[in-house]
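Let us read a few features of a protein model together. Please look at the sequence and the structure first.

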Amino acid sequence: MPKPTPNGNRPLKKIAEVALCGTTDVWSLDEVHFQQHGSRCRMWIPPECKDPVVLHHPTRKSVGYFGAVRLADGKFVFQRELSAFNADTFWTFMKKLRRISSHSGRRVLVLADNARYHHAVLHADWRSDCAERFSLLYLPPYSPELNPIERVWKLTRRLATHNRYFAHVEEVAHAVESLFEKWGAANTTLSKLCAII
């Protein structure tokens, strides 16, 4: 169970104030791994099937993604991460997100958790240079419930990996990315899902 946030609902109030002013786009950002062995959940099965079998690949392989969703309209941006989540790969994704999000002409505020590489010295100068038009707002520690993109990861698992067998890790990537590509433009699925304001 996540620890309660020390500031109560203060981060949500700040986000609501920024979003309602109409001059700022709020994005939610996070990283995720989808395992090759998939995920299992309860499901309906025909009554004649007494012992359903879900195949499970005995591996720890996974595919990782950076992702960000714009809260106002559900636009989703992602990048597959082939190596590891670190300051360098995070910076690469941030530059991509800045390039894509700047088309609106509005100021961009990105909600992020407190992973160490989100604060890395490697990109501190870049973050400082961009701060007027593109800045990060760090959520309190141990508070994933405040980050709307966590709901996107949960929905992705339900739609793309639950109760499925993947013989190869590339099949996981294909299943997940085909869903992500549907959300590349503004969409009501994610805008309703991430509506915290």
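Q: Is phenylalanine 78 buried or exposed?

A: Buried means under 20% relative accessible area, exposed over 50%, and partly exposed in between, with a 1.4 Å probe and protein chains only. Phenylalanine 78 has a relative accessible area of 18%, so it is buried. Phenylalanine 180 is buried too, at 1%. This is a predicted model: local features need pLDDT of at least 70, side-chain atom pairs count only at pLDDT 80 or more, and totals for chains, interfaces and linings use all residues. Residues are numbered from 1 along each chain as its sequence is written, and side-chain values use heavy atoms, with hydrogens and water left out.

Q: How many aromatic pairs are there?

A: A pair of aromatic rings is described by the distance of the centres and the angle of the planes. Rings of Phe, Tyr and Trp (its six-membered ring) pair if their centres lie within 6.5 Å; planes under 30 degrees apart count as stacked, over 60 as edge-to-face and the rest as tilted. The count here is 18 aromatic pairs. In one of them, phenylalanine 78 and phenylalanine 180 are tilted, with 5.1 Å centre to centre and 50° between the planes.

Q: Which parts does this pair tie together?

A: Helices (H or I, at least four residues) and strands (E, at least two) are DSSP runs, numbered from the N terminus. Phenylalanine 78 is in strand β3 (residues 76-81) and phenylalanine 180 in helix α5 (residues 169-182), so the pair links parts 102 residues apart in sequence.

Q: Which residues form one aromatic cluster?

A: The cluster consists of Phe34, Tyr65, Phe76, Phe78, Trp153, Phe180 and Trp183.
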